[in-house]
Amino acid sequence: MKGKVYLVGAGPGDFELITLKGLKVLQKADVVVYDRLVNKKLLKELEKDCELIYVGKKANKHTMKQENINKLLADKAIEGKIVVRLKGGDPYVFGRGGEEGEFLYKKGIDFEVIPGITSAIGGLAYSGIPITHRDYASSFHVITGHLKDDSKELNWKAISNLQGTLVFLMGMSNLKKITKKLIENGKDKCTSVAVINWAANPNQKVVIGNLENIYEKVQKENIKPPALIVVGEVVKLREKLNFYEKKPLFGKNIVVTRARAQSSSLIKKINELGGNPIEFPTIKIKEIVPNNEFVEAINELRKYNYIIFTSVNGVKIFFNKLFDLGFDTRSLGHCKIVAIGPATAKSLIKWGVKADIIPEKYVGEEIYKELAKVIRTGDSVLIPRSKDARSYLVDSLKKICHVKEIKTYKTVLGNGDKKELLELLDLGKIDYITFTSSSTVKNFIDIIGKDNIVKIKDVKFISIGPITSKTIKDYGLKVYKQAKEYTIDGIIDCILKD
Ligand code: SAH
């Protein structure tokens, strides 16, 4: 099979700014070659066996040489692979994508370009700066600020005479020179300037000034690359158009400890509210197989008149088994269905089942209270649930009627990246850690290690409910806030109100 190279623009920062087409090729890629400005969250979309090659700058080391990158792309394609060369912004805007394309052309390798939103436009938009505006700028000019080689000096006279918005990329180390040259060549020293650091990222920082004072201001704020330098009166519109930094969770780094398979709703909500979700999966869900008891219970479903579901995982595993064994949802027709809370109830709807009972508070004690009102001695209750669940519900129901508990799954330690998390903690870059069950707490401590508990003492812990809070306290840690409603929305609400 013949390979192919796609030169893909990832867009600036916010990983959802990639194009639909870009995302599609990423998902079918065998190899992804990416650099520093690509948001790592995009790489999570990839198949497990996709090879990831980082060619950006490493601490203390240089980037891979361009000839070597060209060769790497060609070699992988010759091996028959689908190669995605993923670049921040647009691949042809100071991204050396043109050189890569030329090399592939010379080698006779099939390639395609998928443009991206360049930081020179999208990065400005996320800072509240429209690159053109009828009242302020009717053209724009994107210029490299990387001026190491003096023989390639820019035509400062011409640039200074331009009336449109000027955007300098790669210009941070020359900021002083850029402003000086523009003033010397006739630009008004009061012209507005913005320096945008890590545009469209949760750590976006914008410094505003004019040609005369921006250098000093930027020094004071200790801004390091990557940054965009914007010169022109459109900068003033930021006061009105700065939507991104106004999002309620902008700048907040929030650790999500749920299992990866379940964390998407929390992560999505944090993203939408402008926060930075940091995935640190502490648990993995594993179905218990083989499980004869489970098979038997499903074959004998008519014996039960109540089924209690206590988690979304429990629902999924139960119904998959039901269908695998050749039954369908009609086999539950004679049963009353109980769901521990709204998320579990919602997942039941997907299988065509509406829960008859959802307690007001989402813990075992409340299910028991509700059921104790209706259950009779002759009733038979099936509870397919986690091996690690507390025994309270089963023990108390057994005093009234017949109860069959089936352990359908267990939770094992997740693969949260300990090193990355500890680094962020050391830098003081974590605002909240969210816990959605006691096992997320226990496993979190197991992964980071008891010795590191000191590092999390001052972080704000948000707990989903009383049982989880108790586990946090058992480790000698403080619960900053506990959700009023024991759900993901309850957790988000806690953070929003903080
Ligand atoms: N192809 C990219 C630009 C690559 S050159 C694009 O289209 O955006 C690298 C320079 O781009 C950086 O030095 C910086 O000036 C700018 N840049 C890219 N992404 C940025 C971001 N998110 N925030 C600030 N500057 C960015």
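1. The span of residues 265–492 has its end C-alpha atoms 11 Å apart, and its composition is 41% helix and 20% strand, where helices (H or I, at least four residues) and strands (E, at least two) are DSSP runs numbered from the N terminus. At these residues UniProt, in an unreviewed entry, places the feature "domain: Tetrapyrrole biosynthesis uroporphyrinogen III synthase"; UniProt positions follow the numbering used here, feature names are shortened, and annotations may be inferred rather than shown by experiment.

2. On the basis of the model: this is a predicted structure, in which local features need pLDDT of at least 70 and side-chain atom pairs count only at pLDDT 80 or more, while totals for chains, interfaces and linings use all residues. Residues are numbered from 1 along each chain as its sequence is written, and side-chain values use heavy atoms, with hydrogens and water left out.

3. For the chain as a whole, there are 20 helices and 20 strands, and the C-alpha trace spans about 95 × 55 × 50 Å along its principal axes. Of the 498 residues, 51% are buried (under 20% relative accessible area, with exposed meaning over 50% and partly exposed in between, for a 1.4 Å probe and protein chains only). Among contacts (heavy atoms within 4.5 Å) between residues at least 6 apart in sequence, 66% join residues at least 24 apart.

4. Helix 10 (residues 264–272) packs with helix 20 (residues 488–497) at an angle of about 30°, their axes lying 10 Å apart; axes are lines fitted to C-alpha atoms, for helices over the stretch in contact, and angles run from 0 to 180 degrees between N-to-C directions. Helix 10 and helix 20 are therefore roughly parallel to each other (under 35 degrees; over 145 is roughly antiparallel, 65 to 115 roughly perpendicular and the rest oblique). Their crossing is right-handed, a term used if the near helix is turned clockwise from the far one by less than a right angle, and left-handed if anticlockwise.

5. In this pair, Ser265, Leu266, Lys269 and Ile270 of helix 10 meet Ile488, Asp489, Ile491 and Ile492 of helix 20. The contact residues divide into five nonpolar, one polar and two charged (Ala, Val, Leu, Ile, Met, Phe, Trp, Tyr, Cys and Pro count as nonpolar, Asp, Glu, Lys and Arg as charged, and the others, Gly among them, as polar).

6. Helix 12 (residues 312–324) and helix 13 (residues 342–349) pack at about 25°, with axes 8 Å apart, which makes helix 12 roughly parallel to helix 13. Helix 12 passes helix 13 in a right-handed crossing. Val312, Val315 and Phe319 in helix 12 meet Ala343, Thr344, Ser347 and Leu348 in helix 13, a contact of five nonpolar, two polar and no charged residues.
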